[in-house]
Structures are given as structure tokens and as C-alpha cells.
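Student: Could we go through this structure together, one question at a time?
Tutor: Gladly, let's look at it first.

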Amino acid sequence: MAEGRITRGTTGVNRLRRMDRFIAAHPALRRASDPLIVDLGYGAAHWTALELLERARRVRPDAHVVGIEIDPERVRAAAPFARDGLTFRRGGFEIPLDRDARPAVIRAANVLRQYDEGEVAAAWALMRSRLAPGGLLLEGTCSEVGRVASWVALDPDGPVSLTVALHLGSLDELGGPSVVAERLPKALIHRNVPGEGVHALLRELDAQWARHAPLSAFSPRQRFVAAARGLRDAGWPVRGGAERWRLGELTVAWDAVAPRP
Ligand SMILES: C[S@@+](CC[C@H](N)C(=O)[O-])C[C@H]1O[C@@H](n2cnc3c(N)ncnc32)[C@H](O)[C@@H]1O
């Protein structure tokens, strides 16, 4: 039986590009003995699964993607678009694969968003249990066109980090980095309240963004780099460096934002 339930199938061309980039850079894919990727809940069209394949193949030409959907209609609709390295099948969080294959990467984008917060832990645990050793589960959310996104990265043992990914050119117009509050993964979206780590993180990020406003005269990239550095200097466990910050991507260790029990 497929674990989960059918939800809205909204998707869009290129909207998961930032998650694709994160996956393509990740050792879980680059060093995988079998670079098998699952796009779980690819939605009403096959686009995001195909884009994931194309981006993964730039770094691992032998990468292959299985799109898994719980809605049989959506599996039927995607079937004609199967090709070398890309197949579609029906299933849920249990991730059914041939011969019990274990994926190096599972991406579940905009899937848990339509579940209850209390359902997240079990869904994470089931998906994690399917990963190959050293594998990566990316579970997150984005806006319609992907300008605002966030995701949790998990390994087979549990959550490792939270990443926020923002289109820097529109950030002022959108109200600053905390616009991502509306697009947090389900585990955190109800936790943007005083006393929770994610609330403190977004407040500090907004404060840093405001503090470095004069740098927008040069570029929003320089401003975001300064804000990320400021966050790190303030003691936040920021991962990665300026290369990723310039893209509007900021990753912090999960412990800093894990919801309070
Ligand atoms: C909003 S769409 C997301 C499409 C695509 N991932 C994206 O972000 O553009 C969510 C899809 O997840 C599917 N879904 C929900 N729960 C699922 C589960 N447990 N297993 C597989 N697919 C699931 C729904 O049927 C729906 O098509």
C-alpha cells in the first residue's frame, strides 16, 4: 500500500532549480556507488523530475531518476515522458523500487506542505529508512516560481541542516529574508514564534540584511554575503561560505532551528 495521500499537484517549470543545484553539489550524489535519485511527489507534470535528471547528469552522467507519485493519474500522465535514466511509478513514502534498490537521494518538494505537522516525523523516518548509506533526503517547499525556497537536508540518521534560498534581486521588494517564513518546511512553518530557533534565525537574518543595506549600492549579492557573514560572526552555525551566499543560499545546522519538543 502506498503510504500517504493524494494532494494538489501544482508544479512549475524550473521552480526547483535551487534544490537541484544543492543536490548536484552534494557528496551523496557525487560519491554515490549508484547515483539513483527519487523525485517523490513530482506532481501534475513530469517537468521537475526531468530537470533533476538533467542537472544531476552534468555531475554524474550515470545518474538516473525515478519519479514516484501517489496519484495513479499523474503516473499515467508522466509515462510518455519516460526516457533513458527517467522512469515513473506509483508509490508513497515507502519509496517502492525495483529489487529493493536504495536511492542515493530522495527529493520531496512541496509534498509535506499539505500534511499536518504531526505527520512529518513518521514520513521523514520512512523515507530515511530507504536511503542508501550516506544518502540524502531533501524535504522542502518553494514559492510558485521558485524565488523563495527552503529545505531540510536529512541523512539516514536524521535532520542535518536547514537551507533558505532566496532570489536576491527581489528580496527588498519581498520584504527581506524573513519572507521565507511563508515557505518553511512543514516541520518549521508553525514554529516561527518567539522561543523557537527558526524565529530567532529569521529575525537575526532580517537585522543583518537591514544593517548591510548600504551595500545594495554595489549589489544585493554583496549585501547578502555580508549578512550571512554577520550571522556567522554572531555565533550562528552557518555552513558553507561566500560562494553559496552569493546565490542567496544560506545553510545552518539543524540543531540551531530544531523545533522545541
Ligand atoms: C504540490 S505537488 C509538488 C510537485 C513538485 N514536487 C513540485 O514541487 O513542483 C505535491 C504532489 O505530491 C504528491 N504526494 C503527496 N503525498 C505523497 C506521497 N506520500 N507519496 C508520493 N506522492 C505524494 C501529490 O499527489 C502531489 O502530486
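Student: How many bridges join strand S4 to strand S5?
Tutor: This is a predicted model, where local features need pLDDT of at least 70, side-chain atom pairs count only at pLDDT 80 or more, and totals for chains, interfaces and linings use all residues. Residues are numbered from 1 along each chain as its sequence is written. Strands are DSSP runs (E, at least two residues; helices are H or I, at least four), numbered from the N terminus, and two of them pair if DSSP finds at least two bridges between them. S4 (residues 105-109) and S5 (residues 136-142) run parallel, and the bridges joining them number five.

Student: Which residue in S5 does alanine 108 stand opposite?
Tutor: Here we look across from alanine 108 to S5. The residue opposite is glutamate 139.

Student: Which are the edge strands of the open sheet?
Tutor: The sheet has nine strands with mixed pairing, in the order S3-S2-S1-S4-S5-S6-S7-S9-S8. An edge strand pairs on one side only, which here holds for S3 (86-90) and S8 (238-239).

Student: Why is H8 oblique to H9?
Tutor: The axes, lines fitted to C-alpha atoms over the stretch in contact, come within 8 Å. With angles running from 0 to 180 degrees between N-to-C directions, H8 (residues 197-211) and H9 (residues 220-233) cross at roughly 130°. Under 35 degrees counts as roughly parallel, over 145 as roughly antiparallel, 65 to 115 as roughly perpendicular and the rest as oblique, so H8 is oblique to H9.
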